[in-house]
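The sequence and structure are shown first.

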Amino acid sequence: MCSPTGTNTRESRRVVISGAGPAGLLLAGLLLARNNEPGTVTYEVTLLDGREDYGAISKEDLLKNHRSWMLGLADHGMDAIKTLPKLYHDYVKGEGVKVTEFAIYLGKKKISQNTEGAASKLKSSSDSDGALPESFIIDRNFVVAALARYMKETHEGDENYTPMYLTKCQYVDYENKRVLVRNVETEAETYIAYDLLVGCDGVRSTVREALVKRHSNFSCDSTDIFQEFKQHHLDMPEEVSKCALSALPDIFPYCQGIALPETGGKINIGIGIPRNNFDKLPEELKSSDYKVVSNYAKENFKAFKLVDYDDFAKQWVGQRWNQTGMVHCNFYHSLQTGVVIMGDAAHATSPSIGMGMNTALRDAQVFSEILKESKDDLTMALPAFSEARVKEGNALSDLAMHLYCMDKKQQTKETVHMILRTFLHSKLPKLVCDHPQNMIGRRGVSLSDVYDQTVKLGIMRKHRAINDKIRTEYFEQKTGMVQMTQERSMVTKFVLGAG
């Protein structure tokens with residue numbers, strides 16, 4: 001192996017990254033870039049993923065057959081991507097839609113803000129290229145494809161890089177520091193040894209299980225987000241800005257919506273409903289007949305006119321209700337097993353604030369920076385990573401869950417509060433602090449800073465108490481722990497007690 005310092009004294013370190021999503025791909029690139037810098041370690045990176053290599057798929061095929069969830073790419077994520085030369089400008093930037101407007105539709109009433117004007121007031125000296133803060137809406141699979149293309153074109157033939165797509169991590173033998181992997185096509189299994197194992201393998205992480213088995217003090221809370229939701233890729237309505245992120249509160253009874261611009265003249269409309277209100281969904285929206293759904297949408301979708309209601313309705317009835325998970329962990333590393341987790345494996349979250357991918361990318365960037373600062377000493381780097389990122393990961397999940405309230409009346413009050421506070425802050429920034437929602441993704445403002453503001457304004461504790469109560473009562477009633485068929489008399493309650 002060649003050494004940038006002209007010597008051959010560099011230690012070889014075997015790194016296995018499980019998961020070729022945004023965090024896994026970016027970290028692989030950052031570690032391989034370290035091999036071209038002065039140092040004492042050469043990283044030999046093996047990248048595992050059970051899916052196909054999106055870097056080998058044409059852009060035309062991606063647009064036609066591989067659309068996924070639309071996500072926000074804010075300064076946190078873009079700054080992380082920019083740490084690799086050319087990655088942002090040559091591979092990622094053209095894949096999304098730049099957001100210049102934020103809008104809220106209250107029925108047909110639209111309230112909007114030009115985000116570029118607001119951003120110009122918040123320009124940070126930390127922005128090294130002198131650009132204004134930016135935010136893009138981008139398909140998650142398009143980001144993965146861009147990162148994978150970069151890795152393919154930059155490191156193809158690199159003896160220190162071994163991509164293993166269509167290969168799943170089945171089991172972590174942490175006592176012998178090796179992972180059992182299986183090729184999904186041939187079903188052949190083999191062990192791969194590691195010095196460092198990085199779990200970027202999502203909400204149902206196999207790598208994370210090693211921490212569960214090894215450490216009795218490892219706390220991992222894995223739940224769902226208590227929402228059912230559907231996504232629709234539709235033609236962009238004429239009256240909707242092609243660069244606007246639009247919130248759609250009460251889009252249908254008990255439902256919240258969001259509209260995100262896509263490339264190719266499309267708009268992505270996501271609609272979600274809390275699980276406790278699912279039975280209250282209008283019967284028309286439960287129909288399997290797209291014509292029934294189409295007619296209902298024509299009458300009740302008030303925000304703006306859709307181009308093709310039948311297209312919306314066919315997509316609505318043609319997909320199941322989706323769910324996703326949420327993860328909280330109290331640390332992200334294990335020196336004893338040589339494991340570190342990041343991205344969804346560490347802090348899977350609701351997509352409601354659009355910061356999951358940004359936080360995952362930032363995880364990879366921070367870990368790379370810590371390795372440099374610690375001179376590649378894992379005994380220092382791994383604990384430092386947990387110290388830096390656990391507060392951010394937990395802030396992410398809690399903000400996504402509790403910045404919004406499942407109680408309709410309380411959420412309406414909070415929407416009005418956000419509108420008023422945003423207006424007053426724009427006029428009196430020294431006297432009125434900004435609303436936490438507006439701080440999310442802003443360069444120089446961490447998610448733990450946003451969480452702190454949410455607590456100080458009384459939003460977090462109020463919404464957490466209401467949301468937890470709603471979820472608990474739903475579980476009690478759904479499982480039969482509490483009977484709701486007949487009201488018990490006060491005498492019965494007194495005699496029999498709460499149980």
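By residue class, the largest cavity of this predicted model has a lining of 5 nonpolar, 2 polar and 5 charged residues. The residues concerned are Ala20, Asp49, Arg51, Glu52, Asp53, Tyr54, Gly55, Arg140, Asn141, Val144, Ala148 and Tyr165. Helix α6, which covers residues 140–155, is the greatest contributor to this lining, with 4 residues.

A search of the whole structure locates 3 cavities of 30 Å³ or more.

| Cavity | Volume | Lining by class |
|---|---|---|
| Largest cavity | About 70 Å³ | 5 nonpolar, 2 polar, 5 charged residues |

The report now turns to a helix. Helix α1 spans residues 22–34 and contains 13 residues. From its first C-alpha to its last, α1 reaches 19 Å, close to the 18 Å expected at 1.5 Å a residue. Is this helix mostly covered or mostly uncovered? Helix α1 is mostly covered, as 12 of its 13 residues are buried. The buried residues of α1 are Pro22, Ala23, Gly24, Leu25, Leu26, Leu27, Ala28, Gly29, Leu30, Leu31, Leu32 and Arg34.

Terms used
Residues numbered from 1 in each chain as written. Predicted model: local features only at pLDDT ≥ 70, side-chain atom pairs only at ≥ 80, totals over all residues. Heavy atoms only, no water. 1 Å grid on protein atoms, 1.4 Å probe; cavity = no way out; pocket = protein on both sides within 12 Å on 5 of 7 lines; lining within 4 Å. Points joined across faces, edges and corners; volume = space filled by probe spheres on them. Helix = DSSP H or I, 4+ residues; strand = E, 2+ residues; numbered from the N terminus. Nonpolar A, V, L, I, M, F, W, Y, C, P; charged D, E, K, R; others polar. Expected span 1.5 Å × (residues − 1). Buried < 20%, exposed > 50% of the residue type's maximum accessible area, 1.4 Å probe, protein only.
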